[in-house]
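Please read this briefing alongside the sequence and the coordinates. It moves from the chain as a whole to selected local features.

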Amino acid sequence: MRRREHISSRSCLLHRDAVASIVSILGAVFLAACSSSFTLDRPLTPQPQDWLQEGGGAGRGGHVSVADDDRPADIHHGDVLQGDVETVGPAVNWEYSQDGAAGRAAPLFVDDAVLFFSTTGMVEMVDARSGDEIGSVSCGWFIHATPAVSNGHLFVATAGADPLLFCFDLAGRIKRYERRFPSVHAALCAVDGGVVVVSRGGRVSFFSTEDSAAVWITELEDVVAAAPAASDTLVVIAGQNGDLTACSLRDGTKRWRQPTGAAFIAGPTVRDGAIAAVNSVGTLVLAGLHDGELRWSRSFDQPVWQSPAWRGDTIALALSGGDVVLLHAADGRELTRYALGELPGAAPLFAGNHILQLLRSGQLMAIDLADGGIEERARLSRRSETPVLVTSYGIVMVDEEGEAVCFR
């Protein structure tokens, strides 16, 4: 009996040791999988024409220079334009499969490299000429917010149970720091050598590249998913309580608040001392940047989920009903509208003498501002809500499964 008890006890000890070893091995594997290192084959140094954040700049203007089509736009004025849609079959430069599904986080263009962000938390860097991967890093949790590049550093904010804010030095090819920060759904805003980061719970913070501690923090009693926009002195946040709030970039002090009566899903855009923003019920307002005073408002009586684009004296807006509307920035009068008949997938983009409009179906439509002509420039095989990226190597589009295509 004693021998049996001894054998039994020994067996239990061996069993416990085996279980402990298995747990240790599984733990090591898990930690190895969760602690992927930052790899980059070559340094990336931002160039003047690079697309370093959502909307192209801190003001979120949504316009890109196109070398072979950059003449001044003589906008066609008229009623609703249906137009015959011309379908074109563009050549494909390259294709790339992301680690996981894509969301609304827009790809960025830095020093001839395209940076992709997936909901799995992966950052993948691809050579813009060939489509070959040149770097990657796992950020652990979901990436819903478009990252931003400021002062040569890539800032990435995540969402999840243990969300983090990362700062990567793209020239030095090292991770500068990571720190805990509440879940972020709003695109980061690169301005003044750092970034403004707004959590979903309304924490507004400014971070520099030097230190993981925030330069300043301001708390808003709001839920924020819309991208903030900034000038050189103020940042404006659009919240789901329907307020526009301006904070000082110097110390985060709240300067003014302008209520609009409905939630903001889309972020504002800043230009020429004014701010344009459209709320979820389709009311577009234009207010003074420094005082918040309302200059004009216009209601479209239908939901709007995409940010306005603003170039010169023209504001472009994509309505949920399928129309793209052009408005005069000075007084809000309608210049013309184009009936695309499909739900938009992203904000309109001024590109040379055209407006590029991604449809949720995965079609990319080009509207000629001079004659009102509408043509299909490219088409994905699946739906998409990831903003398109215009580069000198082609137009990069990403479908909802994370399949990216660079169309010539």
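What follows is a summary of a predicted model, with the chain as a whole described before its local features.

The protein chain contains one helix and 36 strands, and 55% of its 408 residues count as buried. Among contacts between residues at least 6 apart in sequence, 49% join residues at least 24 apart.

**Confidence**

- The average pLDDT of the protein chain is 89, and 86% of the residues reach a score of at least 70.
- Over residues 1-35 the pLDDT stays under 50, and for this stretch the model has zero contacts beyond four places in sequence.
- Residues 68-72 also have a pLDDT that stays under 50, although here the model has eight contacts beyond four places in sequence.
- Where pLDDT is low, the predicted coordinates should not be read in detail.

**Nonpolar cores**

- The largest nonpolar core comprises 31 residues, and those with the most contacts inside it are Trp94, Val114, Phe116, Leu356, Leu364 and Met397.
- At least two residues of this core come from each of several strands, including E5 (92-97), E7 (113-117), E31 (354-358), E32 (363-368), E35 (394-398) and E36 (403-407).
- Another core, of 23 residues, lies apart from the largest one, and Leu44, Leu115, Phe117 and Leu154 are among its members.
- In soluble globular proteins, nonpolar side chains tend to be buried together.
- Leaving out residues up to four places away in sequence, Phe116 touches Trp94, Tyr96, Gln98, Pro107, Met122, Val123, Glu124, Val126, Val396, Val398 and Ala404.

**Aromatic pairs**

- Phe38, Phe166 and Phe168 form one aromatic cluster.

**A four-stranded sheet**

- Four strands make up an open sheet in the order E5-E36-E35-E34, with antiparallel pairing.
- Strands E5 and E34 are the edges of this sheet, each of them pairing on one side only.
- On average, and with direction ignored, neighbouring strands of this sheet are turned by 20 degrees against each other.
- Strands E35 and E36 run antiparallel and are joined by four bridges, and the bridge partner of Ile395 in E36 is Phe407.

- Most residues other than glycine have a negative phi, and most peptide bonds are trans.
- Arg60, a residue other than glycine, has a positive phi near 60 degrees, and it lies in the loop between strand E1 (39-40) and strand E2 (63-64).
- With a relative accessible area of 6%, Arg60 falls under the 20% limit and therefore counts as buried.
- Asp112 also has a positive phi, near 65 degrees, and its place is in the loop between strand E6 (108-110) and E7.

**Surroundings of Ala287**

- Ala287 lies in strand E24 (residues 283-288) and is buried, with a relative accessible area of 0%.
- Neighbours within four places in sequence aside, Ala287 is in contact with Ala274, Ile275, Gly292, Glu293, Leu294 and Arg295.
- The C-alpha atoms of Ala287 and Val270 are separated by 9.8 Å, the two residues being 17 apart along the chain.

Terms used
Residues numbered from 1 in each chain as written. Predicted model: local features only at pLDDT ≥ 70, side-chain atom pairs only at ≥ 80, totals over all residues. Heavy atoms only, no water. Core = buried A, V, L, I, M, F, W, Y, C linked by side-chain atoms within 4.5 Å. Buried < 20%, exposed > 50% of the residue type's maximum accessible area, 1.4 Å probe, protein only. Contact = heavy atoms within 4.5 Å. Phe/Tyr/Trp six-rings, centres within 6.5 Å; stacked < 30°, edge-to-face > 60°. Pairing = 2+ DSSP bridges. Axes fitted to C-alpha atoms, helices over the stretch in contact; angles between N-to-C directions. pLDDT = per-residue confidence, 0-100.
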